[in-house]
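Work through these exercises with the model open beside you. Each task is followed by a solution in short steps.

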Amino acid sequence: MKSAKMSQPVTEQKKWVYSFGREVCEGDSSKKNLLGGKGANLAEMSNIGLPVPPGFVMSTEVCTYFYQNGSAYPGDIEAQVAAGLKQLEKETGMVFGDAAHPLLLSVRSGARVSMPGMMDTILNIGLNDDTVKGLAASGDERFAYDCYRRLIQMYSDVVLGVDHDDFEDILDTHKRRNHLRQDTEITAAGLKEIVELFKAVVQKETGKPFPQSASEQLWGAVGAVFKSWMTPRAVTYRRINSIPEEWGTAVCVQAVVFGNMGDDCGTGVAFTRNPSTGSGEFYGEYLINAQGEDVVAGIRTPQPLDDMKTAMPEVYQQLNDIRLQLEKHYKDMQDIEFTIQNKKLYMLQTRSGKRTAAAALKIAVDMVDEGLITKEQAIKRIQPEALDQLLHPTIDAKAAKTVLTKGLPASPGAATGKVVFDADVAEARAKDGDKVILCRTETSPEDIHGMHAAQGILTSRGGMTSHAAVVARGMGKPCVSGAGDVVIDNKARSMTIKGHVLKENDIVTIDGSTGEVLLGEVKMLQPALTGDFETLMKWADATRRLKIRTNAETVLDAETARKFGAEGIGLCRTEHMFFDPTRILHVRQMILAETSEDRKAALAHIEPHQRQDFINLFKIMKGLPVTIRLLDPPLHEFLPHEDAEINGLAKSLSVTVDKVHQRITRLHETNPMLGLRGSRLGIVYPEIYEMQVRAIFEAALAVKKETGETVTPEIMVPLIATKAEMDILKAMIDKVAESTGFTGYLTGTMIELPRAALAAGSIAESAEFFSFGTNDLTQTTFGISRDDAGSFLPAYQSAGILPNDPFASIDVDGVGELVKTAAERGRKTRAGLKLGICGEHGGDPASIRFFEAIGLDYVSCSPYRVPIARLAAAQAALKE
């Protein structure tokens with residue numbers, strides 16, 4: 001074990017290694033945190049009698065030890081691994097490292113949650129110049145040397161750091177010289193020659209021969225798998241999917257079964273239901289005469305699983321029976337890997353299958369109907385963020401389109417973007433605001449960041465279960481894979497499709513539901529949410545306690561939110577209405593006014609527009625609550641800054657250019673976020689708020705008169721810091737209400753300053769509701785500008801200073817504590833105080849769990865986040 005560093009033995013024996021197999025099984029599915037998902041499920045399948053090659057698992061605790069001790073192993077692990085090998089040898093009748101009857105091993109990662117393709121795997125550990133002859137004697141020479149060249153290629157790439165392409169070049173050159181198309185056509189003699197060439201590459205690149213010690217190979221592979229937990233691709237995947245670094249990975253060591261011994265052998269990946277649609281058919285692919293990596297890496301395009309019914313009917317029937325058994329046992333759709341050796345089936349993995357949002361909904365609803373799970377289990381099973389996949393456009397069937405080619409429909413949905421051929425470029429361009437389609441011959445785990453940044457993914461190789469397909473489905477990205485007509489030239493940054501050349505930045509559209517690749521931008525349709533979505537949402541609505549409102553001030557946003565199930569408006573930002581071209585001139589006239597009378601004259605032109613805005617919203621909401629925030633931003637935001645615009649404004653208002661410049665100069669603030677804005681505007685220029693409040697009340701009266709619908713507007717005063725501010729502005733609001741004859745409204749405030757949160761008890765004497773503006777509350781609590789945080793927040797997250805972006809998910813310990821304190825103090829003063837939140841956190845599932853726990857009444861979010869919030873609120877209620 002030359003490559004393994006061992007610490008001093010510990011005095012008390014701790015178990016690090018767990019065996020599984022027919023005779024001994026030391027784990028089950030309940031030990032996922034210790035054995036990882038793969039190891040726990042291999043043990044579970046062994047326990048229920050499925051054909052699983054025996055093996056053992058080095059637990060996640062070994063990974064933790066490995067990183068805490070400078071890549072060293074526990075001192076007593078060597079003996080435990082030796083015992084695990086002895087048990088393996090006993091069950092298989094073969095000996096690890098033996099020249100005559102060699103036992104070969106696979107070494108694979110196994111985190112507690114699935115991270116497909118993110119970490120490393122090595123097959124055929126134990127082969128060398130001697131054992132390959134013993135393997136050949138028990139099978140055939142071609143098969144043995146095919147296994148050996150695979151080991152050298154994988155091991156050298158993963159463990160020794162030799163470029164994978166160096167080996168691919170040798171393979172491609174051999175096939176080209178011998179007029180061969182497939183790897184399977186290479187003869188035994190050809191493979192022997194390739195093995196020697198591979199070994200020469202290793203010697204040249206590392207200065208050492210390829211390891212001939214089986215033990216050295218094993219520990220080299222184990223170390224590489226543990227180290228792959230911290231590769232950039234794995235770190236990126238964990239960040240995207242909120243997987244804690246401290247979980248670590250287990251390592252599964254398993255006897256190899258061979259899918260590449262001949263035409264009665266094969267390997268495949270399958271899903272117990274369709275992962276794209278959720279329908280009940282057995283869905284998958286397999287390759288004859290291949291090993292598992294050939295399928296998942298997308299190196300060869302596989303055959304559909306249905307073909308196995310004819311090619312190997314008995315094996316197919318056994319596999320189908322196991323599929324049904326696994327679904328009944330795990331009560332979820334499973335993603336399985338299998339190998340067939342001489343027509344004998346072996347199960348290599350089962351795990352809950354990645355699926356699209358549409359498939360997740362259908363599977364959950366169907367499984368409730370089938371009696372496999374409860375409604376509550378169905379609600380908890382759907383990732384709220386995954387619903388986002390259902391809220392995006394699809395190709396309009398009536399649209400004119402030019403189909404360049406058709407590949408496999410690997411992940412549904414449609415996307416349009418500029419063609420890019422490199423993951424780094426995709427990420428950089430996306431940061432600049434471009435929408436891109438990442439086009440690759442085949443994706444690899446190193447492309448994860450580019451796939452995340454792209455609108456969609458197109459590959460020329462690979463099947464429905466390739467890396468690109470699985471990862472895209474998990475991310476909710478449209479993907480077309482296996483588009484064989486696409487020839488990509490990375491150096492020229494172009495691709496050719498049936499003679500049509502597309503260069504970087506050319507526009508394409510992909511349809512992941514049909515597999516079509518389309519030229520240019522194509523018209524798309526908005527999604528319709530019915531069927532399984534509506535069923536699950538009804539279950540969620542019956543379960544949740546939190547109400548879900550939306551942030552909206554336009555007719556389109558309000559109608560969209562109602563369609564998605566919003567129960568009112570939690571934030572209407574009136575300043576957005578001021579930018580309308582029909583009123584911006586009068587807004588600027590109001591700002592340039594020198595006297596209150598002049599301001600009122602300008603506001604008189606704006607008021608009818610404001611009134612109609614509110615009438616429109618009240619009609620759409622049909623009696624549901626509507627929270628209207630009075631003008632919040634600094635006035636200078638409404639003024640032009642370019643000379644041409646300033647000149648035009650001066651001319652239209654019949655004032656001098658100097659006067660406009662003087663007003664802009666007077667309104668300039670060093671830190672406008674903390675300047676003359678919010679309630680301070682209403683106190684310094686009360687006529688602005690008086691106009692807005694009057695428009696609200698008159699709109700409510702008009703709707704009541706026209707429709708008979710009672711409207712209860714909630715008037716929200718922004719940026720309150722003191723009780724005195726609230727008292728002054730509430731008195732003004734009450735006075736306007738009296739003048740219009742309107743009753744039945746609420747007056748409240750947006751809590752967005754730490755002082756307001758701490759003074760909530762006194763503020764609640766005047767305020768009838770609090771709405772937490774967590775965007776600004778986060779800025780003022782941290783002393784961070786959200787607009788400038790991008791320059792350092794990623795570094796803070798990487799360094800572990802902040803676990804998440806606090807503007808995306810609530811900072812529970814700081815901002816969250818202020819929200820909780822304000823809620824408690826406010827309700828101590830006013831028992832019936834209504835509490836809500838209207839920042840971006842209103843659509844974040846993790847934040848919603850916190851808001852449920854502290855007893856808020858509602859969350860408000862953007863229209864397209866409403867379904868996500870509805871489901872997250874139900875899950876939060878079930879958790880509580």
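**Exercise 1. Find the partner of lysine 14 and say what the pair links.**

Solution. The model is predicted. Start at lysine 14: its salt-bridge partner is glutamate 61, with the closest N and O atoms 2.9 Å apart. Lysine 14 sits in the segment before β1 (17–20), and glutamate 61 belongs to helix α2 (residues 60–68).

Now check exposure. Buried means under 20% relative accessible area and exposed means over 50%. Lysine 14 has 34%, so lysine 14 is partly exposed. Glutamate 61 has 31%, so glutamate 61 is partly exposed as well.

**Exercise 2. Are arginine 149 and aspartate 146 buried or exposed?**

Solution. Begin with the link: their side chains meet in a salt bridge of 3.1 Å, N to O. Both residues lie in helix α5 (residues 141–158). They are three residues apart, about one turn of the helix. Compare each value with the 20% cut-off for buried. Arginine 149 has 6% relative accessibility, so arginine 149 is buried. Aspartate 146 has 4%, so aspartate 146 is buried too.

Last, widen the view. Salt bridges with shared partners join Asp146, Arg149, Arg150, Asp172, Lys175 and Asp183 into one network. The search of the whole structure finds 52 salt bridges.

**Exercise 3. Describe the largest nonpolar core.**

Solution. Take the size first: this core has 127 residues. Then look for the residues with the most contacts inside this core: Leu387, Phe614, Phe618, Phe697, Phe770 and Phe772. Helix α26 (residues 686–707) supplies the largest share, ten residues. A second, separate core has 83 residues, including Ile125, Ile194, Val251 and Cys479.

Zoom in on phenylalanine 618. Leaving out residues up to four places away in sequence, phenylalanine 618 touches several residues, among them Gly623, Ile696, Val703 and Pro713. For background, nonpolar side chains tend to be buried together in soluble globular proteins.

**Exercise 4. In what order do the eight strands of the open sheet run, and which are at the edges?**

Solution. Trace the order: β14-β24-β23-β16-β17-β18-β19-β15. The pairing is mixed. The edge strands are β14 (403–406) and β15 (408–411), each pairing on one side only. On average, neighbouring strands are turned by 30 degrees against each other, direction ignored. Now follow β15: three bridges join β15 to strand β19 (residues 479–481), and the two run antiparallel. Leucine 408 stands opposite serine 481 in β19.

**Exercise 5. Where does glycine 675 lie, and what does this residue touch?**

Solution. Glycine 675 lies in the loop between α24 (657–667) and α25 (679–684). With a relative accessible area of 16%, glycine 675 is buried. Setting aside residues up to four places away in sequence, glycine 675 touches Glu669 and Arg680.

Definitions and conventions:
Residues numbered from 1 in each chain as written. Predicted model: local features only at pLDDT ≥ 70, side-chain atom pairs only at ≥ 80, totals over all residues. Heavy atoms only, no water. Core = buried A, V, L, I, M, F, W, Y, C linked by side-chain atoms within 4.5 Å. Buried < 20%, exposed > 50% of the residue type's maximum accessible area, 1.4 Å probe, protein only. Helix = DSSP H or I, 4+ residues; strand = E, 2+ residues; numbered from the N terminus. Contact = heavy atoms within 4.5 Å. Salt bridge = Lys/Arg side-chain N within 4 Å of Asp/Glu carboxyl O. Pairing = 2+ DSSP bridges. Axes fitted to C-alpha atoms, helices over the stretch in contact; angles between N-to-C directions.
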